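Dear colleague,

Please find below the sequence and structure that I am handing over to you. My notes on what was found follow directly after.

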Amino acid sequence: MNVTMYVVLFLAGVLFPVTAAVLITIRIISRKQEKRIGEYQDKVLKTQRDEVQNIYYTMRGWRHDYHNHMQTIKAYLSMQKIEETLAYLEQLEEDLDSIDFAVRTGNVSVDAIVSSKLSVAAKKKIATDCTAKVPMELKVTDVDLCTIVGNLLDNAIESCEKVPEEKRFLRIYIGIFQKHLYLSVANATAETRRRSPSELVSKKGGSHGFGLRRIDLVAEKYQGFVNRKNEPGVFVTEVMLPL
């Protein structure tokens, strides 16, 4: 056996254990990261479920009281109290508007998520504008679609909270563009300079960072596309998913 062979065997004995150790370390870190992302997503889904459940129980309670409302209105009318009747009807209308789904996209799951997030945005004094239409036939599952929408809106609301109330805004658009489901969310941000897409993702830590990565993972799953861009005071995320 010549010297070259001895060298090759020596290097193999040294390098392969190191390589294996590196691979094992990377795998352990990856699993920990996956676990953290999974725990975060479970927390997000629970929050979304609680928000939707709150709307459901409120609407259920209103329906339960329907008979009593009708009896009150009949009593007012029997006493010819027209002004009191009108005032009571206006109050009922306001109550119903506050618990009904704020948007009708054509997809019940998206209706629930977007409506609950708009309700949260309103409580945080965020000016909102929403145009959304979801086609009946989709390749993406409702769970994955709501994961994207929920994370987009959670991140947008979180960003808006960091700016003064008078500067807070949230614009949502969901529709069809070039045979893709197109989602666009624009919101106020405290950022004062432009950042590259990679810098935007790497800079965000905590729940915001997990949300960004979850959006990317779901889009990648369906061979979709994610575009992020920001100008001073404005952050925009666009997602395109094949139909």
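Helices (H or I, at least four residues) and strands (E, at least two) are taken here as DSSP runs, numbered from the N terminus. The model is a predicted one, in which local features need pLDDT of at least 70 and side-chain atom pairs count only at pLDDT 80 or more, while totals for chains, interfaces and linings use all residues. Residues are numbered from 1 along each chain as its sequence is written, and side-chain values use heavy atoms, with hydrogens and water left out.

I begin with the cavities. A cavity is a set of points, on a 1 Å grid over the protein atoms alone, where a 1.4 Å probe fits but cannot get out; its lining residues have an atom within 4 Å of a point. Twelve residues line the largest cavity, and the closest to its centre are Leu152, Asn155, Asn187, Phe235 and Thr237. Helix 5 gives the most to this lining, with four residues; the elements that give two or more are helix 5, strand 3, helix 7 (206–221) and strand 5.

Five strands form an open, mixed sheet in the order 1-2-3-5-4, where two strands pair if DSSP finds at least two bridges between them. Strand 1 (127–132) and strand 4 (225–231) stand at the edges with a single partner strand each, so one side of each is left without a neighbour in the sheet. Strand 4 runs antiparallel to strand 5 (residues 234–242), and seven bridges join them. Arginine 228 has threonine 237 in strand 5 as its bridge partner.

Finally, helix 5 (residues 142–160) packs against helix 4 (residues 108–123) at an angle of about 10°, with the axes 9 Å apart. That makes helix 4 roughly parallel to helix 5 (angles under 35 degrees count as such). Axes are lines fitted to C-alpha atoms, for helices over the stretch in contact, and angles run from 0 to 180 degrees between N-to-C directions. Contact means heavy atoms within 4.5 Å. Among the residues that meet are Ile113 and Val114 in helix 4, and Leu145 and Val149 in helix 5. Helix 5 also lies across strand 2 (169–177), strand 3 (180–188) and strand 5, running at about 15° to strand 3.

With kind regards

Definitions and conventions. Parallel < 35°, antiparallel > 145°, perpendicular 65-115°, else oblique. 1 Å grid on protein atoms, 1.4 Å probe; cavity = no way out; pocket = protein on both sides within 12 Å on 5 of 7 lines; lining within 4 Å.
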